[in-house]
Amino acid sequence: MALRWYVVQAYSGFENQVKRSLEERVVRFGLEDAFGRSLVPTEEVVEMRDGQKRRSERKFFPGYVLVEMEMNDETWHMVKETPKVLGFIGGKADKPAPITQKEVDNILRRIEEGAEKPRPKVLFEVGEVVRVTEGPFKDFNGVVEEANYEKSRLLVAVQIFGRSTPVELEFYQVEKA
């Protein structure tokens with residue numbers, strides 16, 4: 001039987017601990033042939049704090065661990081009895097359903113893209129009100145007209161002398177109002 005990807009629900013905040021526990025238990029139970037990789041899907045994010053760019057990791061599926069495994073009674077019980085595991089997602093309680101290869105490919109692509117090109121920690125939407133924190137328009141409020149995530153820039157309509165003026169700003173120069 002081939003290895004398939006399954007989603008395991010873990011206590012929130014304990015995803016990495018569950019991943020390590022699973023990997024240790026696989027070796028202890030001698031089930032290396034029935035298991036492949038296990039992943040806590042994360043992406044690198046960038047935020048501005050105190051004028052400094054800081055990189056950190058953000059889980060994009062908090063509370064979940066992806067496990068590549070061959071599903072049978074022994075492997076199901078081994079995963080289910082791992083500390084801080086709540087169970088499998090999808091299918092029935094005693095017969096979980098694997099996620100599709102397309103879903104796996106999308107997740108793996110997102111992990112790779114996050115490593116190559118970090119995403120901003122704060123996402124901005126068109127029409128959202130923001131406050132300028134740096135530059136000549138500091139302390140002005142404005143409305144987001146465009147968000148360019150490739151260049152990490154926003155086009156913000158700022159009220160200057162009673163007129164709406166479009167201003168191009170870096171993500172780090174604004175905060176949500």
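Q: What is the bridge partner of Trp 5 in strand 5?
A: Trp 5 has Glu 68 as its bridge partner in strand 5. Residues are numbered from 1 along each chain as its sequence is written. The model is predicted: local features need pLDDT of at least 70, side-chain atom pairs count only at pLDDT 80 or more, and totals for chains, interfaces and linings use all residues, while side-chain values use heavy atoms, without hydrogens and water.

Q: What makes strand 1 and strand 5 a pair?
A: Two strands pair if DSSP finds at least two bridges between them. Strands (E, at least two residues) and helices (H or I, at least four) are DSSP runs, numbered from the N terminus. Strand 1 and strand 5 run antiparallel and are joined by 6 bridges, so they pair.

Q: Why are strand 2 and strand 6 called edge strands?
A: The open sheet has 4 strands in the order 2-5-1-6, with antiparallel pairing. Strand 2 (35-39) and strand 6 (85-89) each pair on one side only. Strand 6 is joined to strand 1 (residues 4-10) by 4 bridges, with Gly 87 opposite Gln 9.

Q: Why is strand 5 called largely enclosed?
A: Buried means under 20% relative accessible area (exposed is over 50%, partly exposed in between; 1.4 Å probe, protein chains only). In strand 5, 5 of the 6 residues are buried, so the rest of the structure largely encloses this strand.
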